[in-house]
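The following note sets out numbered points for a colleague who wishes to examine the model. Please read them alongside the sequence and the coordinates.

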Amino acid sequence: MTDIKAEIDVLPGLDPHAPLLEVNNLHVEFRTQYGVARAVNGANFRLAPGETLAILGESGCGKSVTAQAIMGILDSPPGFVTQGEVKYRGTDLLKLPENQRRKMRANHIAMIFQDALSALNPVFTVGYQLGELFRKHRGMSRADAKKRSIELLDQVKIPAAKARIGDYPHQFSGGMRQRVMIAMALALDPEVLIADEPTTALDVTVQAQIMGLLAELQQQRNMGLILITHDMGVVADVADRISVMYAGKVVEEAGVYDIYSRPAHPYAKALLESIPRLDMKGQQLNVIRGLPPALTAIPQGCAFNPRCAYAQDVCRQDPPPPPYAVAPGRTARCHFWRDVIGE
Amino acid sequence: MFRYIVRRLLQMVLTFFGATFIVYALMFANQDDPLQALAGERPLTQNVRQALTERYHLNDPFLVQYWYYMKGLLTGDFGTSLTGRRIGDMMTQAWPVTIRLALIAIVIAATVAVVAGVISGIRRGSLFDNVTLVITLIILSLPIIVLAPLCQLIFGIKLGWFPPTAGAHPSFWALVLPALVLGSLVIATELRVTRASVAENLRSDYVRTARAKGLSRNRVIGVHVLRNSLIPVVTLIGVDIGGLMSGAIVTEGVFNIPGVGFNLFRGIRTEDGPLVVGFVSILVIVFLVVNLLVDLLYAALDPRIRYE
């Protein structure tokens, strides 16, 4: 078990020319004692090397669950993937046996979590937690793993990496801790990086540094980056394309400029209008009325209809709106996308 | 760290004097005529009585007597039991037996508790989890005064698997049954703490990270979860060792093991003041040292805790 990456590259069905990552019609549900919560109801997106895809949405819209389903780290039970495909280079990861699936993680698809303090193991040094990747996946000796770990900490710009390798996570500041997380995710040179709200727990200046670092590393390595966030400002800065999720569905997928200038789905439009703007100072801020639906009781038809200004009778009935092709590479799940975009 | 240990040691000195003072005072208050008790049935002549009173400082006030006693204690002289034996000699016989018994008990109890607790914690709600819950409840609800003779009757006499009593120089095998009984005092709590701790840690974020790192399930549980889960368990086990050394009164009595509990019980029954105070003083020291070690161990296990 020396070099797992080489072993995986010869996996049957892995096609270097197929799209890097493709998620088709992904469904995830949580079977709890209070009923079945449908967290993801047909998520679709695609990611190319070097591209940044932002998944945007309110809390509880299924962003993180989608990410965990892609990684294959859902808590199961209660979480189950019921339908769909997660294709990495043409291979459906959901069909892989667990021992092969496990080797995909960190080697090809890695993930950064929101709160680095709780996401790092408190009783092991960062050197141990980093080195573990090299020792277990690459069969390196402790000394070599340590050397590589120091290099990595250098790459994510942690000052005095050599001295800090023996420190515990709680001895780092929030921003430095998130850098450690990034180093850990990038250790085995993955092609896809999923960042689940990587800057939510940080203050604004540190946020900018971390996003800058991520963008820089992404460019160096030509990685595909999936950025999960609810922060519209972060999205505008770094994303190439945006998937807006609502109640477990991608309601609009578009390039970042298209969506910011002319949103095609009423939810995306409402989200953009709810950003406070300096030139609108003193005026009432637009808010989206109501709450996202409980995932155990998603409304019939379009899930957004109870909160939507454009809703007609057709929106309240099944089947829900399909992803209409608004433009090449751009979809919106709204019967009235022409009205929304036209205004 | 060093300052913390020094401070704790100073606290220990105070606690030690406080505890021995209270025990000595209780013994003093309970005294009727220790010289007659020492002599037993024989009449004491006035001369002898006077000589002995002077030798044991019995006419001096309480505080002075305490001073003489402590002076002896601190120079390693525990004095003489009312049975006439040197208490120091009794200690050197009793302590090794009790320490062996407590260690066997804690090794058995901790091994069973940790293994079963980890399995229960991973498979919450499973058959195994529920069966261990029922068994631990039964063990918890049986007082040792019932459990000890019951085990002696079933395993020692009826089935004959173990010697029913241990005797003066017990073999390892003779101590296993008493150790099992003694260990049952702590096994239930240790198991439940392990289970709760494992269950809690399995839900934590760092486990998700470890899985996202592509580590095997064995490594996630065996290294990441276990290391965190065992912090409260190890400290609990440490405290339990101290508890078991003093808590063996009933067990040592039932199985006739000449350890600390056995001597203490006899001393209390026969109003043997010096014997009781001597043994309790050492017990106090054992307790204090064990607690200090547990606190230091806690800091060694959890890097977030630092004493200063």
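This is a predicted model: local features need pLDDT of at least 70, side-chain atom pairs count only at pLDDT 80 or more; totals for chains, interfaces and linings use all residues.

1. Chain A has a radius of gyration of 21 Å, which agrees with the value near 20 Å that a compact globule of 343 residues would have. The radius is taken over C-alpha atoms, and the globule rule is 2.2 Å times the number of residues to the power 0.38. Along the principal axes, the C-alpha trace of chain A spans about 65 × 50 × 40 Å.

2. Residues are numbered from 1 along each chain as its sequence is written, and chains are lettered from A and ligands numbered from 1 in the order in which they are written.

3. Chain A contains 13 helices and 12 strands. Here helices (H or I, at least four residues) and strands (E, at least two) are DSSP runs, numbered from the N terminus. Of the 343 residues in chain A, 46% are buried. A residue is buried if 20 or more other C-beta atoms lie within 10 Å of its own, exposed if 12 or fewer, and partly exposed in between, with C-beta atoms placed from the backbone. For contacts in chain A between residues at least 6 apart in sequence, 65% join residues at least 24 apart; two residues are in contact if their C-beta atoms, placed from the backbone, lie within 7 Å.

4. Eight strands of chain A form an open sheet with the order 6-7-8-3-9-10-12-11 and mixed pairing. The edge strands are strand 6 (109-112) and strand 11 of chain A, each of which pairs on one side only. On average, neighbouring strands of this sheet are turned by 25° against each other, direction ignored. Two strands count as paired if DSSP finds at least two bridges between them. Strand 11 of chain A pairs with strand 12 (residues 330-332) of chain A in the antiparallel sense over three bridges, and A:Ala325 stands opposite A:Thr331 in strand 12 of chain A.

5. Helix 2 (residues 63-71) of chain A lies across strand 3 (52-56), strand 6, strand 7 (192-196), strand 8 (224-229) and strand 9 (241-246) of chain A. The helix runs at about 150° to strand 7 of chain A. Axes are lines fitted to C-alpha atoms, for helices over the stretch in contact, and angles run from 0 to 180 degrees between N-to-C directions.

6. Strand 1 of chain A and strand 2 (residues 35-47) of chain A pair in the antiparallel sense over 10 bridges, and a hairpin joins them through two residues. The bridge partner of A:Leu21 in strand 2 of chain A is A:Leu47. Strand 1 (residues 21-32) of chain A also holds A:Asn25, which has a positive phi of about 50° although it is not a glycine. A:Asn25 counts as exposed because it has 12 C-beta neighbours inside 10 Å.

7. The peptide bond from A:Asp318 to A:Pro319 is cis, with omega near -5°; A:Pro319 lies in the loop between helix 12 (266-273) and strand 11 (324-327) of chain A. In chain B, B:Asn256 has a positive phi of about 55° although it is not a glycine, and this residue lies in the loop between helix 11 (249-254) and helix 12 (260-269) of chain B. With 16 C-beta neighbours inside 10 Å, B:Asn256 counts as partly exposed.

8. Which residues have the most contacts inside the largest nonpolar core? They are A:Met181, A:Ala183, A:Ile194 and A:Val244, in a core of 162 residues. Such a core is a set of buried Ala, Val, Leu, Ile, Met, Phe, Trp, Tyr and Cys residues joined through C-beta atoms within 7 Å. Leaving aside neighbours within four places in sequence, the contacts of A:Ala183 include A:Leu130, A:Leu152 and A:Gln155.

9. Chain B has 13 helices and zero strands. Its C-alpha atoms fill a box of roughly 85 × 55 × 30 Å, taken along the principal axes. Of the 308 residues of chain B, 33% count as buried.

10. At the interface, 19 residues of chain B are in contact with 22 residues of chain A. Helix 9 (205-212) and helix 10 (217-246) of chain B are the elements that give two or more residues to the side of chain B that touches chain A. Helix 9 of chain B gives the most, with seven residues.
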